[in-house]
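I am opening my notebook on this structure. My entries cover pockets, cores, a helix and a few single residues.

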Amino acid sequence: MKIVSIAVSRKKGTPKTPVDEAFITEDHGLEGDAHAGPWHRQVSLLAAESIEAARAQGLEVGFGDFAENIATLGVDWKTLPVGTRARLGAEVVLEITQIGKECHT
């Protein structure tokens, strides 16, 4: 797996803005992101291949447009079962708590 984008937003329901770095706090999520906090979905993951597939269908989308916090190459997140743990770098381990999310627009 390779992380290709990290993105945050200050307000829920808006696209996220790519950033050069972000800090993840245990039991909270990405600092400064609207979805961080004490609930079951603190960090949103998306395969960069899914973004490329949307582009191939003619959509003008980029990193953050699907409200994902972290886009990766090499992992199809939607196929992993709830409860799967994934290591990001040397210190961060995330647990999959939900597959997919409701699209509001």
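**Second largest pocket.** I looked up its lining and found Ile3, Ile6, Glu21, Ala22, Phe23, Ile24, Leu30, Ile70, Leu88, Glu91 and Val92. I noted how a pocket is found: on a 1 Å grid over the protein atoms alone, it is an open set of points where a 1.4 Å probe fits, with protein on both sides within 12 Å along at least five of seven lines, and lining residues have an atom within 4 Å of a point. The lining divides into nine nonpolar, no polar and two charged residues. Here Ala, Val, Leu, Ile, Met, Phe, Trp, Tyr, Cys and Pro count as nonpolar, Asp, Glu, Lys and Arg as charged, and the others, Gly among them, as polar. The volume of this second largest pocket is about 210 Å³. A volume is the space filled by probe spheres set on the points, with grid points joined across faces, edges and corners.

**A note on the model.** The model is predicted, so local features need pLDDT of at least 70 and side-chain atom pairs count only at pLDDT 80 or more, while totals for chains, interfaces and linings use all residues. Residues are numbered from 1 along each chain as its sequence is written, and side-chain values use heavy atoms, with hydrogens and water left out.

**Largest pocket.** I then turned to the largest pocket, which holds about 1400 Å³ of space. Its lining has 48 residues, and Arg41, Val43, Ser44, Leu45 and Lys101 lie nearest the centre. I sorted the lining into 17 nonpolar, 16 polar and 15 charged residues. Which element gives the most to this lining? Strand S8 does, with four residues. S3, S5, H1 and S8 (92-95) each supply at least two. Helices (H or I, at least four residues) and strands (E, at least two) are DSSP runs, numbered from the N terminus.

**Cores.** Next I looked for a nonpolar core, meaning a set of buried Ala, Val, Leu, Ile, Met, Phe, Trp, Tyr and Cys residues joined through side-chain atoms within 4.5 Å. Buried means under 20% relative accessible area, exposed over 50%, and partly exposed in between (1.4 Å probe, protein chains only). The largest core has twelve residues: Val8, Leu30, Val43, Leu45, Ala47, Ile70, Val75, Trp77, Ala86, Leu88, Leu94 and Ile96. Strands S5 (45-47) and S7 (85-88) are the elements that give two or more residues to this core. Apart from it lies another core of five residues, including Leu46, Ile51, Ala54 and Val61. I also checked Val75: beyond its neighbours within four places in sequence, Val75 is in contact (heavy atoms within 4.5 Å) with Met1, Ala47 and Leu80.

**Helix H1.** Which residues are buried in H1 (residues 48-56)? I found Ala48, Ile51 and Ala54. Seen down the axis of H1, the buried residues fall within an arc of 115°, so they line one face of the helix. The arc is that of the directions from the helix axis to the C-beta atoms. An α-helix has 3.6 residues a turn, so residues three or four places apart point the same way. The cover over the buried residues of H1 includes strands S1 (2-8), S5 and S6 (70-73). Ala56 also lies in H1. Ala56 is exposed, at 71% relative accessible area. Just after H1, Gly58 takes a positive phi of about 100°.

**Positive phi without glycine.** Asp27 is not a glycine, yet its phi is positive, at about 60°. Asp27 sits in the loop between S3 (24-25) and S4 (29-30). Ala67 has a positive phi too, near 65°. Ala67 is in the loop between H1 and S6. Are these two buried or exposed? Asp27 is exposed, with a relative accessible area of 62%, whereas Ala67 is buried, at 17%.

**Two strand residues.** I ended with Ser5 in S1 and Val93 in S8. Ser5 is buried, with a relative accessible area of 6%. Not counting residues up to four places away in sequence, Ser5 touches Pro18, Phe63, Asn69, Ile70 and Ala71. Ser5 and Val19 are 14 residues apart in sequence and 7.7 Å apart in space, C-alpha to C-alpha. Val93 is partly exposed, at 44%. With the residues up to four places away left out, Val93 touches Arg85, Ala86 and Arg87.
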